[in-house]
Amino acid sequence: MLKSTIGLEIHIELNTKSKMFCDCPNESWQAEPNKNICPTCSGQPGSLPTINQEAIKKNIKTALALNCQVAGNSFFERKNYFYPDLPKGYQISQYQAPFCKNGFLELPMLNKKIRIERIHLEEDTGRLQHPEGADYSLVDFNRAGVPLMELVTEPDLETAEEVKEFVKELKLVLRYLNVSGANMEKGEMRCEVNISLAEKLAAKFGTKVEIKNLNSIAVAGSAVEYEITRQTEILERGDKVIQETRGWHDKKAITFSQRDKESAHDYRYFPEPDLPPLKITPELLNEIKATLPELPSQKRARFAQEYHLNKQDIELFVNQKSLSNYFEEVVSELTNWVSEKYQDNLPSEEFQKLVKLAANYIVTDLQTFLKEKNIEFFSEAKFKITAENFAEFLSMIYLGEISSKIAKMLLPEMLSKGGDPSQIISDKGWQMVSDIDEIEKAVKEIIDNNSKAVEDYQKGKSASLQFLIGQVMAKTKGKAKPEVVGEILKRFLNEK
Ligand SMILES: [Zn+2]
């Protein structure tokens, strides 16, 4: 039986205002080619780098969120190699002394802890373009010098599913921290997989294969699945896996050989002479700690404890920050609306009922509406119903001030135009019929016109009562309370 061992190496562009070692704007994606460059990031002789403090803080923030130790003393190094997108001929990076190490990230759905070996900071390279049919390539240095975090995991992962969940959860953490857009399609987050297969009980790992440039979570998963199958076939027929770097071919959905071990670089690392050592004081660490927001894992725990929501609903809220903010605002407003009835002493089981009501409407009705309108993410600014109005709508349902039929008419009205639900109800004449005489009149008419159902009811067929209630509700255009209608009906039928 073969077992796969997988480690990840993930590069993350930080969303700082300027680049890592100069003042150029950090906007590699939008700007025209070679617009955001200066002597430092284009590698001119005599230019000197300076360290971007914001990048250091954002890296530390990430490290703390991922339970890493942050070294008080570390330094930058030069990683020497030649490549056309690297104007200096070396990259400023960290090797011997990464300033963050020994952390972990928990996979929420699979309940597994993945250890993080290190997170260090370096600068990104430029970007090469190969125009189709041309016998030349173009280079754009806008990205050269953009702050780049490199995160390396321990080889704790075993399956494609775990890889996908790790990348997904990491992306979420980075977005909660607001340290990176973490958009894989834009290259703001880039994933490499190291994978080897060996007998389950073997003492050593198998031969390591590296897969580079995986630009989406789905692609990372597919590449791992493909590679496990490929290596299994090789080993099962008695051959050896070659240690190499492979790429991912999107159209063919296969990995392919890019370079083998022989062409591996010797980077000749040495301390960067133009930069001072990095000193992180305990004061700075505490200062950054204080700015950490609630993290996805903490939010999951809080939503389970405070709102008793199911796992699926919690995931929806944790993955959509603006939607969960809206939900919490609605619950708080709704509690205010309803608390009056309980002299500001809302019993906890009533609070849970309100939460359930709000969650149901937001998870089902609201999501259906967004899907119909092709809106991928909820944003309160673009949404017509304010949390206050939504809460009022829900309080009307909870307090029985509107029937479910009126609620079904009212919600689409609010979704498309917004507005105060009580105002809409009075404008449309949808107030509940509370006049008993009026309901009795309708009940009498329905009994007279449905002798078959009346007979069935008297023979003991309880479904007939539901039918008759439905008829009265239709007659009053859904504006009577079904419980009141039911009681009057029963009284009339028993008198008959
Ligand atoms: Zn620059």
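Is F327 buried or exposed? F327 is buried, with a relative accessible area of 0%. The model is a predicted one.

## Aromatic pairs

F327 belongs to an aromatic pair. Its partner is Y307. The two ring centres are 5.2 Å apart and the planes stand at 80°, so the pair is edge-to-face. An angle over 60 degrees is what that label requires. Y307 lies in helix α5, residues 296-307, and F327 lies in helix α7, residues 321-339. The pair therefore ties together parts that are 20 residues apart in sequence. Y307 has a relative accessibility of 5%, so Y307 counts as buried.

The structure holds twelve aromatic pairs. Another of them joins F21 and F76. This pair is edge-to-face too, with 5.4 Å from centre to centre and 85° between the planes. F21 sits in the loop between β1 (2-13) and α1 (53-65). F76 sits in the loop between β3 (73-74) and β4 (77-80). The pair ties together parts 55 residues apart in sequence. Both F21 and F76 are buried.

Aromatic residues also group beyond pairs. One aromatic cluster is formed by Y81, Y95, Y267 and Y269.

## Charges over rings

R78 lies over the face of Y90, at 4.0 Å from the ring centre. The charged end of K113 sits over the ring of F104, 4.2 Å from the centre of that ring.

## Helix packing around α9

Two packed helices are described by the angle between their axes and the distance between the axes. What are the angle and the axis distance for α7 and α9? These helices pack at about 50°, with their axes 8 Å apart. That makes α7 oblique to α9. The crossing is right-handed. On the α7 side, the contact is made by Y326, E329, V330, E333, L334, W337 and V338. On the α9 side, it is made by A387, E388, F390, A391, E392, L394, S395 and Y398.

Helix α8 (residues 348-372) also meets helix α9 (residues 387-398). Their axes come within 11 Å and cross at roughly 120°. That makes α8 oblique to α9. α8 passes α9 in a right-handed crossing. From α8, the contact uses E350, K353, L354, L357, A358, Y361 and I362. From α9, it uses F390, F393, L394, I397 and Y398.

S395 lies in helix α9. Is S395 buried or exposed? S395 is buried, with a relative accessible area of 3%. Leaving aside neighbours within four places in sequence, S395 is in contact with L334, W337 and V338.

## V139 in strand β9

V139 is found in strand β9, residues 138-140. V139 is partly exposed, with a relative accessible area of 30%. Which residues does V139 contact, leaving aside its neighbours within four places in sequence? They are N34, P84, D85, R127 and L128. The C-alpha atoms of V139 and E329 are separated by 49 Å. Along the chain, V139 and E329 are 190 residues apart.

N102 and H308 each have a positive phi without being glycine. N102 is found in strand β6, residues 100-107. H308 has its place in the loop between α5 and α6 (311-319). The table sets out their values.

| Residue | Phi | Relative accessible area | Exposure |
|---|---|---|---|
| H308 | about 50° | 56% | exposed |

How values were computed
Residues are numbered from 1 along each chain as its sequence is written. This is a predicted model: local features need pLDDT of at least 70, side-chain atom pairs count only at pLDDT 80 or more; totals for chains, interfaces and linings use all residues. Side-chain values use heavy atoms; hydrogens and water are left out. Rings of Phe, Tyr and Trp (its six-membered ring) pair if their centres lie within 6.5 Å; planes under 30 degrees apart count as stacked, over 60 as edge-to-face and the rest as tilted. Helices (H or I, at least four residues) and strands (E, at least two) are DSSP runs, numbered from the N terminus. Buried means under 20% relative accessible area, exposed over 50%, partly exposed in between (1.4 Å probe, protein chains only). A charge sits over a ring if NZ of Lys or CZ of Arg is within 6 Å of the ring centre and within 35 degrees of the ring normal. Axes are lines fitted to C-alpha atoms, for helices over the stretch in contact, and angles run from 0 to 180 degrees between N-to-C directions. Angles under 35 degrees count as roughly parallel, over 145 as roughly antiparallel, 65 to 115 as roughly perpendicular and the rest as oblique. A crossing is left-handed if the near helix is turned anticlockwise from the far one by less than a right angle, and right-handed if clockwise. Contact means heavy atoms within 4.5 Å.
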